[in-house]
Amino acid sequence: MDTRINRQWLLARRPRGMVSADDFQWIEVPTPELSDGQALLRNLYLSCDPAQRAWMARDSYVPAVKLGEVMRSGGIGEVVKSRHHEFEPGQLVWGVLGWQDFAIISPGPSSMISPLLPGVPVEANLSVLGLNGLTAYFGLLEIGRPQPGETVVISAAAGATGSAAGQIALIKGCRVVGIAGGPDKCQYVSELGFHAVIDYKAEDVDARLREMCPKGIDIYFDNVGGHLLDAALSLLAMRGRVILCGAIAQYNDETPPPGPSRYFNLALQRGRMEGFIVLDYYNRAAEAIPDLYRWLTEGKLKYRTDVVHGLENAPTALARLFKGENQGKQVVKVADPSQG
Ligand SMILES: NC(=O)c1ccc[n+]([C@@H]2O[C@H](COP(=O)([O-])OP(=O)(O)OC[C@H]3O[C@@H](n4cnc5c(N)ncnc54)[C@H](OP(=O)(O)O)[C@@H]3O)[C@@H](O)[C@H]2O)c1
């Protein structure tokens with residue numbers, strides 16, 4: 001394996017509107033030499049996450065990617081060289097690796113480098129057993145605190161996070177309604193066992209939610225924001241909870257959209273709306289992983305992975321999230337593991 005040349009995507013400009021390849025610059029540079037305590041990874045899979053759009057644009061819960069820096073991304077890599085006592089060639093790990101062929105890591109307490117879970121497909125570590133699974137788990141269970149029989153509504157329900165959150169709500173004995181875009185995604189959500197699904201691109205969401213949630217919405221797991229959030233707020237049940245996980249409908253907006261117009265229903269219904277960031281729970285992953293792993297192996301927690309091949313296609317793959325083109329967890333496959 002030739003490790004001399006490292007192909008990289010650098011952030012070239014702050015995005016305006018939809019992310020595009022023009023926001024990045026492609027370069028090919030020599031792979032740096034390792035120092036003591038470091039390991040060289042060959043990137044196999046890169047994770048596409050809506051949050052990357054925010055990292056490109058501004059400081060938020062993490063500093064913005066600097067112009068001229070390798071685009072930040074989670075990923076799975078294989079150790080090809082190591083000068084770190086805990087790593088040896090052939091090991092697969094998850095980490096923040098960036099849009100490039102090779103990443104140098106300096107494992108330590110704050111590096112977020114973690115070994116892959118054995119006995120499951122490699123890509124599961126990027127989705128249902130990775131940050132999306134943890135997001136769904138802690139968002140739903142810690143913020144939403146679902147009770148059996150409650151009605152839970154999930155937006156972007158066919159996606160990596162939404163599909164996991166919905167299935168966990170099913171496992172907890174809730175009645176689960178998904179919202180997704182288009183017949184194929186709605187079909188998938190039905191196959192996952194959701195009690196009902198609403199195609200927000202083809203149906204009147206307010207009317208369908210009233211029909212599907214006759215006792216109101218106890219928990220709304222919001223991945224989208226915008227008018228879907230308003231629709232859910234207007235049907236909040238007494239002591240309802242709104243979990244602010246994401247607002248992908250507005251990540252590409254240049255100016256802040258109007259706030260939710262039906263927010264006062266939170267007061268009338270003595271409700272609660274609470275946001276969270278999964279990184280706050282990263283050090284509690286060991287609480288969630290055994291449950292997620294068990295549900296996965298028992299067939300109660302299904303997932304699908306949408307693979308775009310080639311590092312050169314990373315910008316296109318990221319944009320698919322905002323166009324709703326991804327069917328499940330969007331990843332970029334950069335290389336095969338050396339062991340097959
Ligand atoms: N709080 C946290 O720590 C945390 C962590 C991870 C993810 N998140 C959030 O969770 C959400 C889902 O992320 P994911 O990684 O699992 O992605 P995903 O759901 O697998 O993919 C994104 C999906 O969002 C939907 N979407 C895009 N634009 C939309 C629009 N204008 N209106 C309605 N739906 C739209 C599309 O589905 P349709 O085709 O169905 O429209 C698209 O497939 C995002 O908002 C993300 O920021 C938050």
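Arg-239 sits in strand β12, which covers residues 236-244; strands here are DSSP runs of E with at least two residues, helices are runs of H or I with at least four, and both are numbered from the N terminus. Its phi is near 65°, a positive value in a residue other than glycine. Is Arg-239 buried or exposed? Arg-239 counts as exposed, at 55% relative accessibility. The cut-offs are simple: buried means under 20% relative accessible area, exposed means over 50%, and partly exposed lies in between, with a 1.4 Å probe and protein chains only.

Arg-145 also has a positive phi, near 45°, and it too is a residue other than glycine. Look for Arg-145 in the loop between α2 (131-144) and β8 (151-154). Arg-145 is partly exposed, at 48%.

## About the model

This is a predicted model, in which local features need pLDDT of at least 70 and side-chain atom pairs count only at pLDDT 80 or more, while totals for chains, interfaces and linings use all residues. Residues are numbered from 1 along each chain as its sequence is written, and side-chain values use heavy atoms, leaving out hydrogens and water.

## Nonpolar cores

In soluble globular proteins, nonpolar side chains tend to be buried together. A nonpolar core is a set of buried Ala, Val, Leu, Ile, Met, Phe, Trp, Tyr and Cys residues joined through side-chain atoms within 4.5 Å. Here the largest one has 40 residues, and Leu-134, Leu-140, Ile-154, Ile-168 and Leu-292 have the most contacts inside it. Among the elements giving two or more residues to this core are α2, β8, α3 (160-171) and α8 (285-297). Another core, of 22 residues, lies apart from it and includes Phe-24, Val-308, Ala-319 and Leu-321.

Which residues does Ile-154 touch, not counting those up to four places away in sequence? Among them are Gly-162, Val-176, Phe-194 and Phe-221, where contact means heavy atoms within 4.5 Å.

Strand β15 (residues 329-333) is mostly covered, with five of its five residues buried. In a regular strand the side chains alternate between the two faces of the sheet. In β15, Lys-329, Val-331 and Lys-333 point one way, Gln-330 and Val-332 point the other way, and all are buried.

Two strands pair if DSSP finds at least two bridges between them. Strand β3 (residues 39-47) pairs with β15 in the antiparallel sense over three bridges, and Leu-46 stands opposite Val-332.

## Salt bridges

How many salt bridges does a search of the whole structure find? The search finds 19, each being a side-chain nitrogen of Lys or Arg within 4 Å of a carboxyl oxygen of Asp or Glu. One of them joins Glu-312 and Arg-7, at 3.8 Å from N to O. This pair links distant parts of the chain, 305 residues apart: Glu-312 is in the loop between β14 and α9 (314-323), and Arg-7 is in strand β1 (residues 5-11). Glu-312 is partly exposed, at 42%, and Arg-7 is partly exposed, at 24%.

Glu-203 and Arg-208 form another salt bridge, with their closest N and O atoms 2.7 Å apart. Glu-203 is partly exposed, at 31%, whereas Arg-208 counts as buried, at 16%. Finally, Asp-291, Arg-294, Glu-298 and Lys-300 are linked in a network of salt bridges.
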